[in-house]
Amino acid sequence: GQQAHAHYYARCAQQIFAGLIGDEQALWMQRAIADHDNCLAALRWALVQGEGETAVAIAGGLWWFWYRRGLFTLAQEMLTAALQLPSADLNIRANALNGLASVLLVNEAYAAALDRHAEGLTLRRQLNDAAGMATVLHNMGLAALTMGDFAQAMTWLAESVAADPDSDPTSAWAHMGLIAQETQDLTQARHWLEQAYHNVAAAPDGWLSAFVMNYLADVLRELGEFDAALALAQRSLQIFTALDDSYYLPDVQLTLAQIALVQGDLAQAETLAQVVRDCYAARDDAAPLASVRLFQADLALQRDAQSEAHIHYQEARTLRQTARRAMSPREQACFEALAARLAEKVLQ
């Protein structure tokens, strides 16, 4: 009974993984939400029984669902437990290692994330799996990006594109654009993100489309092209909302808040900023929380509320120091620009 139940949900979890990266993501998100309790019960049973094959299949199948719902503690705990058991299907095991490494990165366990990726890369090579190697190299690039090693990140992302000419380079290009933006090369950022956007423009409305649109919107905003930025950000918000991608929603809401500010709609900017702040605070995410506090300091200055701006700015600095994620040149510049404006106001 329980074994049949566990085997059924192992297949189900693998289907969920495929569905959440396929063309009907909204449908599969709803299925995953509906089946989650059953999958979890089956996974816990498999862990107690020491059934590695089943445990790795379920945890490895659910990782992207957990990620997109922001369930990182659960994901780390379950993937770690499952991968401690031996299992024979190396492909499913490699997928689970990729999931654990990706989750460890969000949980700021950088060395452990790279270790799991190295393990996964070894399995992909054993399997002679070019697409799998491309995925691991891509995610190693994201780890280097998060650690602030931008040159290494660019190298691994380029290697990931080269590792499998048949793989879709969209995500790599989008992240190269992101790195260029963080290192303050907006021309390069626009180049990579427009290439990525060209690829998703004709694709069904999946997670990646919304992700690319939000980052391109943010770069266009920095370049002063506000109408184009607004249209892209609104489309991104629509897609993330339709897909129930709760983890990514605040990122695009912050882009929309920043556009509202430059277009003079302070009320809209304030409302969105507060929503974003509550969201980042709820998941205890220090680096983005610092960026929204910095934005709120900017808003306070627009209203001539100096002391309020100071409080937001100090809070942003304190928060940013608690995050392990390296500060990028762009973040550094944002903090410096705000500090200069606060000093200027004091002198006036």
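**Words and their cut-offs**

Me: Why is arginine 303 called partly exposed?

Reply: Arginine 303 has a relative accessibility of 37%, and since buried means under 20% relative accessible area, exposed over 50%, and partly exposed in between (1.4 Å probe, protein chains only), arginine 303 counts as partly exposed. Please keep in mind that this is a predicted model, in which local features need pLDDT of at least 70 and side-chain atom pairs count only at pLDDT 80 or more, while totals for chains, interfaces and linings use all residues. Residues are numbered from 1 along each chain as its sequence is written, and side-chain values use heavy atoms, with hydrogens and water left out.

Me: What makes the pair of glutamate 270 and arginine 303 a salt bridge?

Reply: A salt bridge is a side-chain nitrogen of Lys or Arg within 4 Å of a carboxyl oxygen of Asp or Glu; for glutamate 270 and arginine 303 the N to O distance is 2.6 Å, so the pair meets that definition. Glutamate 270 lies in helix α14 (residues 266–282) and arginine 303 in the loop between α15 (286–302) and α16 (306–322), so the pair ties together parts that are 33 residues apart in sequence. The helices here are DSSP runs of H or I with at least four residues, numbered from the N terminus.

Me: Why is aspartate 304 called exposed?

Reply: The relative accessibility of aspartate 304 is 51%, so this residue counts as exposed. Aspartate 304 also meets lysine 345 in a salt bridge, at 3.1 Å from N to O.

Me: How do you know that arginine 330 and aspartate 218 form a salt bridge, and why are both called buried?

Reply: Their closest N and O atoms are 2.7 Å apart, which means that the pair falls inside the salt-bridge limit. Arginine 330 is buried because its relative accessible area is 15%, and aspartate 218 is buried because its value is 7%.

Me: Why is alanine 143 called buried?

Reply: Alanine 143, which is placed in helix α7 (residues 130–146), has 0% relative accessibility and therefore counts as buried. Leaving out residues up to four places away in sequence, alanine 143 touches Leu105 and Leu114, where contact means heavy atoms within 4.5 Å.

Me: What makes the contact between the side chains of aspartate 164 and serine 167 polar?

Reply: A polar contact is a pair of N or O atoms within 3.5 Å; within protein, one must be able to donate a hydrogen and the other to accept it, and residues adjacent in sequence count only if both atoms are side-chain atoms. The two side chains make such a contact at 2.6 Å.

Key. Helix = DSSP H or I, 4+ residues; strand = E, 2+ residues; numbered from the N terminus.
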